[in-house]
Amino acid sequence: MKDAEASRKVRDMFEPTTSKATTKRKLSRIPPEKLTELRVTFIRTAFYKILGEAQSQTHFKYIPSSADVYDNNKNARMLSENLYQESSDWLASPFNGENTNDFAVLKRIGSELFVFPPHSKFFCRDVLEIKLNADLLGKFDLILLDPPWWNKYIRRKRAKCLQDGYKMMYNECLTEIPIDKLLAPGGVIAVWCTNSKQNLEELKHKLLPFWGTKQVAQWVWMKVTLSGQPVCPFSEPPGKQPFEQLIFAVRPDEVNTFPRPPDEKIFMSVPSSIHSHKPPIIDMVKPYLPPEPRCMEIFARYLLPNWTSWGLEVLKLQHASLFEENKISII
């Protein structure tokens, strides 16, 4: 929340109001719907059912105090802001590296220390350079993408404060990534997508077919607080929602060696304070992959064991200051 909103919420905890003043809204152009109201209702209903089951199993029992609400995660927000400011001076692309060991290691690059998970490989390069290295990279059973979708809100925010935004791409530029060459037979594509109806439609009807694939499942990541409540209220489209979409696609003409991801799965977690930091999905998608899959993340911002990661910010969340050290070898 913004600090002013947190202050109002604390006041309401002690001075609940029975009525609200109404104001006239200035007429403005209504933007295209991000999601249909029916889908938002479905997600909200399913989410509260999952939350009830989780709380019956003793999860999400935390009850925030008024001081917690007023504090508004200040420390986490400040650390996130500092990370963006400091990380811009850490590294300059292009470069790449890997850890071939069975254990995590600390490695110094320049004046900074970074954590490399076991059997991880990374390329700190522009994603449009992948097409020059497709043959060298080989084939992958899972390709995960978190594209910086074109977004007017982020564009305005970035104009005010550079570290609050990120470099966006026009959606048509994504067709330059050679997904069809990188995807192994029977492989799965997973794409994080905003709730923008335009982006969801372009992904389903343009990008995925361009890569020779077809959408088979649409999952929802619910972002919740420690008490299990949505990080922001559900709202009528096109308002902001407390969830994001994860789209899965496969080649439609291939024989299914493994089960395909089921449609309409909903999962929940407490999000990071770092902008656009997504949760790892590998444990949830293992049933749909070979026993030892080759996995690649494009637009990556952190590393994972046994993954290949590619992106201009690929080591942003690997800085040693973000980890607790425990028997890590230093090389």
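Visitor: Does D283 count as buried or exposed, and what is the relative accessibility behind that label?

Guide: Here, buried means under 20% relative accessible area, exposed means over 50%, and partly exposed lies in between, using a 1.4 Å probe and protein chains only. At 61% relative accessibility, D283 counts as exposed. Before we go on, please keep in mind that this is a predicted model: local features need pLDDT of at least 70, side-chain atom pairs count only at pLDDT 80 or more, and totals for chains, interfaces and linings use all residues. Residues are numbered from 1 along each chain as its sequence is written, and side-chain values use heavy atoms, with hydrogens and water left out.

Visitor: Which partner does D283 meet in a salt bridge?

Guide: Let's take the general idea, then the case. Side chains of opposite charge can pair when their charged atoms come close. The term salt bridge is used for a side-chain nitrogen of Lys or Arg within 4 Å of a carboxyl oxygen of Asp or Glu. D283 pairs in this way with K286, at 3.4 Å from N to O. Some salt bridges share partners, and these join D146, K223, E244 and K278 into one network.

Visitor: How many salt bridges does a search of the whole structure find?

Guide: The search gives 10. One of them links E264 with R39, where the closest N and O atoms are 3.1 Å apart. E264 sits in the loop between β8 and β9 (266–269), while R39 belongs to helix α2, so this pair ties together parts that are 225 residues apart in sequence. E264 is partly exposed, with a relative accessible area of 32%, and R39 is buried at 14%. Another salt bridge joins E254 and R251, with 3.3 Å between the closest N and O atoms. There, E254 is partly exposed at 21% relative accessibility, and R251 is buried at 16%.

Visitor: How many helices and strands are in the protein chain?

Guide: Helices (H or I, at least four residues) and strands (E, at least two) are DSSP runs, numbered from the N terminus. The chain has nine helices and 12 strands. Of its 331 residues, 42% count as buried.

Visitor: Which strands are joined to β6 by bridges?

Guide: Two strands pair if DSSP finds at least two bridges between them. Strand β5 (residues 140–145) runs parallel to β6 and is joined to it by five bridges; within this pairing, L142 has V188 in β6 as its bridge partner. Strand β8 (residues 243–250) runs antiparallel to β6, again with five bridges, and I247 in β8 stands opposite V191. As for cover, nine of the 11 residues of β6 (residues 183–193) are buried.

Visitor: Which residues touch the most other members of the largest nonpolar core?

Guide: A nonpolar core is a set of buried Ala, Val, Leu, Ile, Met, Phe, Trp, Tyr and Cys residues joined through side-chain atoms within 4.5 Å. The largest has 41 residues, and I130, L145, I177, M222 and I298 touch the most other members. Helix α2 (residues 37–56) supplies the largest share of this core, five residues. A second, separate core of 25 residues includes L142, W192, Y288 and L289.

Visitor: What does I130 touch, leaving out residues up to four places away in sequence?

Guide: Contact means heavy atoms within 4.5 Å. By that rule, I130 touches L137, I177, P178, L182, M296, I298 and W310. Across the chain, among contacts between residues at least 6 apart in sequence, 74% join residues at least 24 apart.

Visitor: Where is V285 found, and what does V285 touch?

Guide: V285 is in helix α9 (residues 282–285) and is buried, with a relative accessible area of 3%. Beyond residues up to four places away in sequence, V285 touches L142, W219 and F248. V285 and L142 are 143 residues apart in sequence, yet 9.1 Å apart in space, C-alpha to C-alpha.

Visitor: Is Y70 buried or exposed?

Guide: Y70, in helix α3 (residues 66–71), counts as exposed at 55% relative accessibility. Leaving aside neighbours within four places in sequence, Y70 is in contact with A6, S7 and V10.
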